[in-house]
Amino acid sequence: MPADIKLTEQGYIIDGKLYPRVTTILSVIRKIELEHWRGAVGNEVADEKLVASQDTGKRIHSACEDILEQIDAEIIPKIPNIDTYPDNEQCMLLTFLGWAVKHVEKVIVLEKVVYHPTYVYAGRMDWLLMLKGDSIPTLFDLKTSGAIYDEVALQLSAYQEALKVMGIVDTCRRMCLRLDKQDGSIQIKEFTGAQDFNAFLCCLGIYNWRKGAKNG
């Protein structure tokens, strides 16, 4: 295991070596929907909305982690200081609380930096959970975006392979859990594509090629 992990603007520094972030690597995929949205609302408005969305995402991620830690402690989960959240976020958190109590059997890992020493990438995964009735764990990524985009499958496959090489799991399911900022509803999508990791490696290859071209 690495003796030291530091997050920088360039990526994670693990034992003195730079590991680019999974999300940065996936930025080579063109975001057509985002481009169209920016074109419709304008860059200034888009930037303001993205900052607000990131703030919501950070609060929701932290609160959901708190809920899962309580479930793992086998106590009745509560949402601390729920009245301090905006109404829509309260709705999101109550929805997640109900889902977690009903479906989560055990928490295995929360918010962990995982890395792959062979392919040299790293990222912070959200949750590795054992769901009730399952025999293998499920790797989850939490989203508060407007939709679940296809590249999430590649993101989760990268984390999955890192978990394997680190010896944390032999196998796991991959799911994205999205909480809607408008109505608080929950959407869950499972990814089973056998070529997802190969597609991620293609993105990694393009990312490394671009970095090499810039440095050449």
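## Accessibility and the overall fold

A residue counts as buried under 20% relative accessible area, as exposed over 50%, and as partly exposed in between. K164 has a relative accessible area of 32%, so K164 is partly exposed. This is a predicted model.

The protein chain holds six helices and eight strands. From the N terminus on, the order is β-β-β-α-α-α-α-β-β-β-α-β-β-α. The chain has 216 residues, and 42% of them count as buried.

## Aromatic pairs

A pair of aromatic rings is described by two things: the distance of the centres and the angle of the planes. This structure holds eight aromatic pairs. One of them joins Y119 and F197. Their centres are 5.7 Å apart, with 70° between the planes, and the pair is edge-to-face. Y119 sits in the loop between strand 4 (104–116) and strand 5 (121–131), while F197 belongs to helix 6 (residues 196–215). The pair therefore ties together parts that lie 78 residues apart in sequence. Y119 is partly exposed, at 37% relative accessibility. F197 is buried, at 13%.

Y121 and F200 make another pair. Here the ring centres are 4.9 Å apart and the planes stand at 70°, so this pair is edge-to-face too. Y121 is in strand 5 and F200 in helix 6, so the pair links distant parts of the chain, 79 residues apart. Y121 is buried, with 1% relative accessibility. F200 is also buried, with a relative accessible area of 0%. Elsewhere, ring pairs link F96, W99, W127 and F140 into a cluster.

## Salt bridges

Side chains of opposite charge can pair when their charged atoms come close. The count here comes to seven salt bridges. One of them joins K143 to D141, with the closest N and O atoms 2.9 Å apart. D141 is buried, at 3% relative accessibility.

E161 and K164 form another salt bridge. Their closest N and O atoms are 3.3 Å apart. Both residues are in helix 5, and they are three residues apart, so about one helical turn separates them.

R174 and D196 meet through their side chains in a salt bridge, at 3.0 Å from N to O. R174 lies in strand 7 (residues 173–179) and D196 in helix 6. The pair therefore ties together parts that are 22 residues apart in sequence. Both partners are buried: R174 has a relative accessible area of 5%, and D196 has 13%. Salt bridges with shared partners also join D134, R173 and E190 into one network.

## A negative surface patch

Which residues form the negative surface patch? They are D66, E69, D72, E74 and E105. Helix 3 (residues 43–72) gives the largest share, three residues. E105 lies in strand 4.

## A buried alanine

A158 has its place in helix 5 (residues 151–165). It is buried, at 0% relative accessibility. A158 and M125 are 33 residues apart along the chain. Their C-alpha atoms are separated by 9.7 Å.

## Two loop residues with positive phi

D15 is found in the loop between strand 2 (12–14) and strand 3 (17–19). Phi of D15 is near 50°, a positive value in a residue other than glycine. Is D15 buried or exposed? D15 is exposed, with a relative accessible area of 51%.

N81 lies in the loop between helix 3 and helix 4 (87–103). Its phi is near 55°, again a positive value in a residue other than glycine. N81 is exposed, with a relative accessible area of 60%.

Technical notes:
Residues numbered from 1 in each chain as written. Predicted model: local features only at pLDDT ≥ 70, side-chain atom pairs only at ≥ 80, totals over all residues. Heavy atoms only, no water. Phe/Tyr/Trp six-rings, centres within 6.5 Å; stacked < 30°, edge-to-face > 60°. Helix = DSSP H or I, 4+ residues; strand = E, 2+ residues; numbered from the N terminus. Buried < 20%, exposed > 50% of the residue type's maximum accessible area, 1.4 Å probe, protein only. Patch = residues over 30% accessible without salt bridge, like charges linked within 9 Å, V, L, I, M, F, W, Y side chains within 5 Å. Areas by Shrake-Rupley, 256 points an atom, 1.4 Å probe, with all protein chains shown as cover. Salt bridge = Lys/Arg side-chain N within 4 Å of Asp/Glu carboxyl O. Lys, Arg positive; Asp, Glu negative; His and termini not counted. Charge placed at Lys NZ, Arg CZ, Asp CG, Glu CD.
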